[in-house]
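Here is a short note to read with the model open beside you. Please take the points in order and find each part on screen as you go.

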Amino acid sequence: VKMSADDMKESLPHISSGSIVLDHLIGGIPNSFGVAPCPGFPRGRVSQIWGHEGAGKTSIALSAAAQVCREGGTVLYIDWENDIVPDYAMALGVPVTDESKFELLQPDNLEDGIKYALIYAAAGVDLIVFDSVGAAIPRRLTDRDLNDAAEQGKVGEVQAVWSQELPNLKRIIARSGTAVIGISQIRAEIGKMGHGPSTKPQGGNAWKFYASVRLELRRVQYENTKEMNNLTHKVEDKVSGSVVKVKAVKCKMSRSQGREEIFYLRGGQGVDNIRSILEIAISHGFIKKQGAGWFTWTKPDGSALKLQGIEKMRQHMVDNSAD
């Protein structure tokens, strides 16, 4: 087994997250051959994403699904929240109507969802997404009598099922090369006192231990653009996207553990790679930022493009992407 990253001639099997920033974060620093260890979610392994609402968890999962389908692969999306939006998924490039590439399942209980995942993984599906790992209800509660509707579930019941079945799923995907992404919501940590975070992702310690990649997403700000309001017939500031900070809480694929990066989400469009490219170009001096929000880019032919506002520069890139 070759252990030196400097000897790698190709990256480990992976699927793209759909975000150049996340792929870079997970992938790590390229070696002397220009090869990053794993620029994307690793195949044959488990990955976990968590964060507050609006931080881009589902957007990243759908973007990864779109990338897989675009390359001819197959995706199983297990949706316990019954909250996936078909129009949004299609806008991100997910072929939701093509059952040969993408299948959406909404199981009644946790055990059924895991059973389907095991079957599809053994059959060699390329990507399995759990949305979300803490929203599923154990079969014992779904099958209870209506007279026992007020019965409380046992503390840690969902986590106990995951602790039992996730190692088995991991064993199967190690052979099939299936990538697994688990989306987790945030919940308050019971009995938490003193220093440290007061919240933690759902799913229990099984996801913490068995995941090779764990990403925490945190929206740091909204971004606004000037748009016409058809109701007031005025040009107003509208929320057009958000800035998200991602932290590699755990990464066994490269030396990225603990690193943080910024990426961008576009309302209704998902991951905004064009904006990320612009920010990278500004950081490296390819695009000059001047006072009053002016941006100047010297094109390869020597001509200069000067626009006011990052949004106008972004739109120019979109309109002239063929160039």
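Predicted model: local features only at pLDDT ≥ 70, side-chain atom pairs only at ≥ 80, totals over all residues.

The points below go from the sheet to the helices beside it and then to the pocket.

1. Strand S6 and its cover. Now find S6, residues 127-131. Five of its five residues are buried. The cover is on both faces. Leu127, Val129 and Asp131 are on one side, while Ile128 and Phe130 are on the other. Note that Asp131 is in the buried set too.

2. The partners of S6. S4 covers residues 75-79, runs parallel to S6 and is joined to S6 by five bridges. S7 covers residues 179-184 and also pairs with S6 in the parallel sense, over five bridges. Tyr77 stands opposite Val129. In S7, the bridge partner of Val129 is Ile181.

3. How do S12 and S13 run? They are antiparallel, and two bridges join them. Look for Arg266, which stands opposite Gly270 in S13.

4. Helix H1. Asp23 lies in H1. Is Asp23 buried or exposed? The cut-off for buried is under 20% relative accessible area. Asp23 has 12% relative accessibility, so Asp23 counts as buried.

5. What surrounds Asp23. Leave aside neighbours within four places in sequence. Asp23 is then in contact with Ser16, Ser17, Gly18, Cys38, Pro39 and Gly40. Asp23 and Leu305 are 282 residues apart in sequence and 30 Å apart in space, C-alpha to C-alpha.

6. Helix H8. Ser276 is found in H8. With a relative accessible area of 3%, Ser276 is buried. Which residues does Ser276 touch, not counting those up to four places away in sequence? They are Ile20, Val21, Phe263 and Tyr264.

7. The largest pocket. Its volume is about 500 Å³. The lining has 25 residues, and the closest to the pocket centre are Gly54, Gly56, Thr58, Ser59 and Tyr88. Helix H2 (57-70) and strands S10 (213-229), S11 (234-251) and S12 (260-266) each give two or more residues to the lining. S11 gives the most, with four.

8. The make-up of the lining. How many lining residues of the largest pocket are nonpolar, polar and charged? Eight are nonpolar, 10 are polar and seven are charged. Colour the lining by these groups to see where each one sits.

Methods
Residues numbered from 1 in each chain as written. Heavy atoms only, no water. 1 Å grid on protein atoms, 1.4 Å probe; cavity = no way out; pocket = protein on both sides within 12 Å on 5 of 7 lines; lining within 4 Å. Points joined across faces, edges and corners; volume = space filled by probe spheres on them. Nonpolar A, V, L, I, M, F, W, Y, C, P; charged D, E, K, R; others polar. Pairing = 2+ DSSP bridges. Buried < 20%, exposed > 50% of the residue type's maximum accessible area, 1.4 Å probe, protein only. Contact = heavy atoms within 4.5 Å.
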